[in-house]
Amino acid sequence: MEEVGRIYGDVGLGQFHLSLTLPVERGDYLAVEDELHGRVLCQLDDLRRKSDLDLVHADQLGRGTETAIHENLLGMVRVIGYRDDQGIVKLPTVPFRPGAKVFRAEETLIAQVLGLGRHSAVGAYVGLLRGHSLRIELDINQLVQRHVSVLAKTGGGKSYLLGVLIEELLRHKVTCIIIDPHGEYGSLRIAAEKNGVHGRFQVETQGFARQVQEYSPDVSLNPSAQPLTFSLRNTEPRDLLIFMGLTSVKTFLAPLKTLLEEVAATNPDFSVKDLVKAAERGEGAVAETLHERLEYLEQTKLLGPKGTPLSELVVKGSATLINLRGVAPDVQEMVVARLASTLFEQRKKNKIPPLFLVIEEAHNFAPQQGQATCSRILKNIASEGRKFGLGLCVVTQRAARIDKSVLSQCNTQLILQVTNPLDLKAIAQSIEGLTDGMTAMIQSLPVGTALVTGGGYHTPLFCEVRPRATKHGGESVRIVEN
Ligand SMILES: Nc1ncnc2c1ncn2[C@@H]1O[C@H](COP(=O)(O)OP(=O)(O)O)[C@@H](O)[C@H]1O
Ligand SMILES: [Mg+2]
């Protein structure tokens with residue numbers, strides 16, 4: 001083992017100071033020999049260079065006067081622990097001695113203590129431990145039972161990583177429903193073009209055409225999708241207003257109710273078309289607006305006599321994309337509210353298989369401030385879904401803007417680069433075991449590197465995300481060609 005330095009100063013049980021003789025990078029794994037327990041795994045959390053160069057001498061140096069500088073490279077090290085005979089990770093109960101040697105950790109110790117490198121039948125392979133060739137596999141049962149969040153700034157690689165995760169879930173035949181506001185997940189059907197990176201990560205390219213189906217409330221904009229419709233009979237008048245794009249409940253709810261009663265009295269199986277006809281007969285500005293918005297609703301074909309059957313939407317072992325591209329925001333919320341409630345109800349009755357519900361742009365669907373139509377049901381699923389085998393995955397570029405109760409229920413976090421201070425604060429507050437050093441590192445993560453917490457691992461891990469087996473659909477639009 002290569003010695004990198006010595007322990008100095010006051011030594012705690014969970015951390016110590018290190019004087020470095022060889023350069024080590026923040027996040028690297030180190031080892032210390034413990035008298036009682038053998039080698040203990042540690043991680044360099046922070047680094048600084050201490051010197052005796054004061055302002056006066058620095059100034060003189062700037063004017064060309066030579067001056068001797070004494071400097072030390074100092075590190076703050078976090079103790080991760082050792083595995084005991086029962087395989088449990090433990091911290092030493094007596095602090096290391098000052099002056100003790102600190103080594104660069106060997107791959108076998110890292111793998112053993114972190115629990116990496118074993119191939120598991122229930123593992124979702126998301127990438128390799130940064131700087132090593134150890135596979136990080138997330139426990140799929142934990143993912144689905146205990147919820148997931150994917151957090152990063154725009155362009156940080158959230159959709160790419162989510163694609164990786166869904167590929168793994170599909171390989172393991174886990175049923176998924178994906179709320180896809182930008183219509184970017186259809187490319188899960190198509191195999192990626194193979195390149196050298198696939199070899200390094202040992203990933204076979206593959207498309208999942210047979211396991212991906214797509215529905216959309218707007219099939220004219222999204223022709224690759226089948227129509228997603230809801231049953232008119234099961235739609236409350238208030239919800240009908242949302243589908244019609246009318247926000248003033250005070251003005252429109254009562255007249256709409258009267259209209260519905262009128263039509264239902266003569267024909268209990270009425271359609272939107274029947275409502276349009278009846279509204280046409282009304283007089284005045286309100287009636288005119290109702291008529292016009294009902295005509296619009298009829299064109300959208302969003303509400304039908306029966307609605308898309310759940311047995312078609314939820315197919316065991318497949319992913320169903322709900323493509324909301326081009327759909328008005330309040331209608332998107334309505335669609336999510338209706339779908340999520342139905343999925344939750346049917347899961348409680350065990351009428352559909354256990355499933356993983358993915359919400360992209362989740363800050364719009366469960367905002368911290370204000371209300372979205374679907375906020376309440378998403379909060380319910382976050383707090384109670386696990387009991388019923390309904391896993392939630394929220395994806396957002398604004399950790400500060402998503403409902404905190406939803407975020408804190410996520411036990412696995414996949415965090416890519418985040419720079420906004422408010423978002424960083426929200427992340428630091430919702431995740432246990434995140435050190436100041438890690439929070440600082442999140443700000444400068446390169447694209448393709450994620451901090452993984454939970455997922456069956458007891459300490460946060462930096463992960464080089466594996467390449468996609470399928471094509472990534474979220475490429476940015478090029479404004480200028482080069
Ligand atoms: N792990 C990765 N490996 C290679 N390229 C990546 C990776 N993650 C993201 N990218 C690239 O970065 C860009 C932004 O990623 P994307 O997932 O669409 O960001 P986000 O959804 O966070 O806005 C994409 O063009 C994608 O090709
Ligand atoms: Mg995205």
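How many salt bridges are counted between domain 2 and domain 3? The count is zero. A salt bridge here is a side-chain nitrogen of Lys or Arg within 4 Å of a carboxyl oxygen of Asp or Glu.

This is a predicted model, in which local features need pLDDT of at least 70 and side-chain atom pairs count only at pLDDT 80 or more, while totals for chains, interfaces and linings use all residues. Residues are numbered from 1 along each chain as its sequence is written, chains are lettered from A and ligands numbered from 1 in the order in which they are written, and side-chain values use heavy atoms, with hydrogens and water left out.

Start with the domains. The assignment gives domain 1 (3-114), domain 2 (123-227 + 309-465) and domain 3 (237-304). These bounds come from an automatic or database domain assignment. The C-alpha centres of domain 2 and domain 3 lie 36 Å apart. Six residues of domain 2 are in contact with six residues of domain 3; contact means heavy atoms within 4.5 Å. The two domains bury about 630 Å² between them, 72% of it on carbon and sulfur atoms. Buried area is the accessible area (1.4 Å probe) that two parts lose on being put together, summed over both. Asp-330, Val-331 and Met-334 supply 61% of the area that domain 2 buries against domain 3, more than any other three residues.

Polar pairing is also absent here. Across the interface of domain 2 and domain 3, the rule finds zero residue pairs in polar contact (both at pLDDT 80 or more). A polar contact is a pair of N or O atoms within 3.5 Å; within protein, one must be able to donate a hydrogen and the other to accept it, and residues adjacent in sequence count only if both atoms are side-chain atoms. On the side of domain 2 that touches domain 3, the residues divide into three nonpolar, one polar and two charged. Ala, Val, Leu, Ile, Met, Phe, Trp, Tyr, Cys and Pro count as nonpolar, Asp, Glu, Lys and Arg as charged, and the others, Gly among them, as polar.

Gly-304 sits in strand E15 (residues 303-304). Helices (H or I, at least four residues) and strands (E, at least two) are DSSP runs, numbered from the N terminus. Gly-304 is buried, at 15% relative accessible area. Buried means under 20% relative accessible area, exposed over 50%, partly exposed in between (1.4 Å probe, protein chains only). Gly-304 and Ser-231 are 73 residues apart in sequence, yet their C-alpha atoms are 5.2 Å apart. Thr-308 lies in the loop between E15 and helix H10 (310-313). Thr-308 is buried too, at 16%. Its side chain reaches the backbone nitrogen of Thr-229 at 2.8 Å and the backbone oxygen of Pro-227 at 3.5 Å.

An α-helix has 3.6 residues a turn, so residues three or four places apart point the same way. A search of the whole structure finds 24 salt bridges. Glu-35 pairs with Arg-97, the closest N and O atoms being 3.0 Å apart. Glu-35 lies in the loop between strand E3 (29-34) and strand E4 (38-51), and Arg-97 in the loop between strand E6 (89-90) and strand E7 (101-104), so the pair ties together parts 62 residues apart in sequence. Both Glu-35 and Arg-97 are exposed.

Glu-214 forms a salt bridge with Arg-189, with the closest N and O atoms 2.8 Å apart. The pair links strand E12, which holds Glu-214, to the loop between E11 and H5, which holds Arg-189. Glu-214 is buried at 6% relative accessibility, whereas Arg-189 is partly exposed at 26%. Salt bridges that share partners also join Glu-167, Glu-168, Arg-171, Arg-466 and Arg-468 into one network.
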